[in-house]
Amino acid sequence: MLPPIFKILEKAYYKRLKSFVIKNNLISKNQYAFNNRDGTEGAVAQLVTNIYNGLNNNYHPIVLFLDISKAYDTVDHNILLDKLDRYGIRGNSHEFTHNLTFEP
């Protein structure tokens, strides 16, 4: 459990990180979360379009849905921090991320 002030800082950091990754074009065009696009609706629309196109081209589309909601818990945080550094998240921002990912 984080103290309330830390939650406020976390939200402010999220906004700055989001702005940074969008400004530096670090998000794939196929990424529907963490950007200003359509979110879930856009992902579903793209899926339906791909299935429709596949069927029209005599393919047999297969869809696999995975629940990766707990995936972040399995990420090696040292590797995550190294990647953030390579993408330009350094200094105070990097330290703040470190504090978010490791138990005190």
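Me: Why does I8 count as exposed?

Reply: The relative accessibility of I8 is 55%. Exposed means over 50% relative accessible area, buried under 20%, and partly exposed in between (1.4 Å probe, protein chains only). I8 therefore counts as exposed. The structure is a predicted model, in which local features need pLDDT of at least 70 and side-chain atom pairs count only at pLDDT 80 or more, while totals for chains, interfaces and linings use all residues. Residues are numbered from 1 along each chain as its sequence is written, and side-chain values use heavy atoms, with hydrogens and water left out.

Me: Where is the place of I8?

Reply: I8 is in helix α1. Helices (H or I, at least four residues) and strands (E, at least two) are DSSP runs, numbered from the N terminus. The protein has four helices and zero strands, in the pattern α-α-α-α along the sequence.

Me: How does the reach of α1 compare with the span expected at 1.5 Å a residue?

Reply: Helix α1 covers residues 4-23, 20 residues in all, and reaches 29 Å from its first C-alpha to its last. The expected span is 1.5 Å times one less than the number of residues.

Me: Which residues of α1 are buried, and why are they said to line one face of the helix?

Reply: The buried residues of α1 are Y13, L17, K18 and V21. Seen down the helix axis, these residues fall within an arc of 140 degrees, so they line one face. The arc is that of the directions from the helix axis to the C-beta atoms. On the other side of α1, the exposed residues include P4, K11 and K23.

Me: How much of the protein counts as buried?

Reply: Of the 104 residues of the protein, 17% count as buried.
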